[in-house]
Amino acid sequence: MKSDLGKNDRMDKLVSLCKRRGFIFPDSEIYGGLANSWDYGPLGVLLKNNLRREWWKFFVTSRADMVGVDSSIIMNPKVWEASGHLGNFSDPLVECKKCHHRFRADHLLESTAIEPKHEKERPRSAAHIKCPDCSGELTETKQFNLMFKTFIGPVEDAGSAAYLRPELAAGMFTNFKNVLDSLRLRLPFGIAQSGRTFRNEITTGNFIFRTREFEIMEFEYFIRPEEWREHFERWLMEIKRWWTEVVGADMGNFYFHEIPDGERAHYSERTVDIEYQYPFGLKELHGLAYRTDFDLKRHMEASGVDLSYRDPVSGEKFIPHCIEPTFGLDRMVLVTLLEHFEEVEGGRSEEGESKHEKEIVLRLPRALAPIQAAVFPLSKKEPLTHLAGDLAQELRAVGFSTQYDETGSIGKRYRRQDEIGTPFCVTVDFETLEDKKVTVRDRDSMAQERVGIGEIVGYFKEKFA
Ligand code: GAP
């Protein structure tokens, strides 16, 4: 399957690397694929798991004011009535009268805008736009609901209709009382969740940027209404700290887009879209919204259950307000890869058969790298292979994700590991038999040092601390 980004060289190279090296594969490829659906391969799973784990550590377990839940994908449909998703979770759809291709009207408008950031200058109607595929006339815009419908049990009727969740927030609001009662938390506190969500998007594309099935990590941070501004600013700072300190991103590629009045979701008093300069344009990465008490109030009215909070000291009773930082994990994977993908002109390898004109290095932070160490025997013969195999297993046993590689020259093996972002390569050579030391090579500086075999675990523990 070809990527949909033919004119985008950097993106094409990344998509190709992801396929070639086992990060991300086209879904159901042996059956011709399913448009814009992707599967994570062995290295992609490791990278995604590392991002999820570090995010959870950063925003949840390292804090005293955060807890987690893991709610169901299929919830009582009344949840989606109350949240407004059944009525309002839709995108504007237009269809070409000639080729019958369907588009999101707002995306077509954006593509014809003078300057997409300046909302006021955008044309408000898609009536003047022709079909981008065949120049045919487009239909009037109609609203298309993005919820994926299914049925519970053997009978497919209105009474058994249910929906795959389009977001996680509802699972936090519906469990608010359970969490409050079981843990006796005091404001401010947050409930976080990470999980799969489903949206029947009209158009998908740009690799894993927009798909119909994706993972969200988000939390609802419950506060006193009068404190919302300070909490909002604090979460903005934490979001920046996440991207710089954990992902190692360059904030020059980010744009914090303050959504103006009249363009925010109906429940939001303030929203900042965190946008990223992707190779295919400046687009949303994730968001931060002040959702007021809209959701708890709606669920309280619809369920008839009291979702208010009573302050244990003052006895004051009120419905907490909430701030919601939301992150798409797949977009986070994409941005992490883009931020650290580097093609070195002239190559980095020493002169010889392994040298290439352009060599790829994925300079992932150590905590995110799918493979933390690679172990090579200098030759394919005993006793080097045995020693190297044992060393790789020793590293795995203490939790380092480790690859063993004995094929090709050492230069080629370094290059293969640089491409997948492995921070350290360890070579067992003939000198090892004499001095019981191995050569450790650093991915970024390419500096090499000799480390005693008995000290290697401690050495890596320090490097990955
Ligand atoms: N509870 C708030 C919420 O769901 P959202 O902006 O609709 O907010 C959250 O979605 C995040 O999910 C987005 O910021 C984006 O990172 C990601 N996302 C949304 N739609 C997506 C799609 N079709 N494919 C991949 N990621 C998507």
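Biologist: At 39% relative accessibility, is I74 buried or partly exposed?
Modeller: Buried means under 20% relative accessible area, exposed means over 50%, and partly exposed lies in between (1.4 Å probe, protein chains only). I74 comes out at 39%, so it counts as partly exposed.

Biologist: Okay, and what kind of model is this?
Modeller: Residues are numbered from 1 along each chain as its sequence is written, and side-chain values use heavy atoms, with hydrogens and water left out. Local features need pLDDT of at least 70, side-chain atom pairs count only at pLDDT 80 or more, and totals for chains, interfaces and linings use all residues, in a model that is predicted.

Biologist: Which residues make the nonpolar surface patch of about 240 Å²?
Modeller: Patches use residues with over 30% relative accessible area and no salt bridge, joining like charges within 9 Å and nonpolar side chains (Val, Leu, Ile, Met, Phe, Trp, Tyr) within 5 Å. Areas are Shrake-Rupley values with a 1.4 Å probe, where only the protein chains shown cover residues; a salt bridge puts a Lys or Arg side-chain nitrogen within 4 Å of an Asp or Glu carboxyl oxygen. I74 sits in the loop between β3 (66-68) and α3 (77-83); helices (H or I, at least four residues) and strands (E, at least two) are DSSP runs, numbered from the N terminus. The patch is made by I73, I74 and I152.

Biologist: Which strands stand at the edges of the open sheet?
Modeller: Three strands form it in the order β5-β4-β6, with antiparallel pairing, and strands pair if DSSP finds at least two bridges between them. Three bridges join β4 (residues 90-95) to β5, and V94 stands opposite F103 in β5. Each edge strand has a single partner, so one side is left without a neighbour in the sheet, and these strands are β5 (102-104) and β6 (142-145).

Biologist: How many of the 11 residues of helix α12 are buried?
Modeller: Helix α12 covers residues 410-420 and is largely enclosed by the rest of the structure. Its buried residues include I410, Y414 and D418. Just after α12, G421 takes a positive phi of about 85°. The buried count for α12 is eight.

Biologist: Which residues does T385 touch, leaving out those up to four places away in sequence?
Modeller: T385 belongs to helix α11 (residues 384-397) and counts as buried at 12% relative accessibility. With contact meaning heavy atoms within 4.5 Å, T385 touches P377, S379, K380, Y404 and E406.
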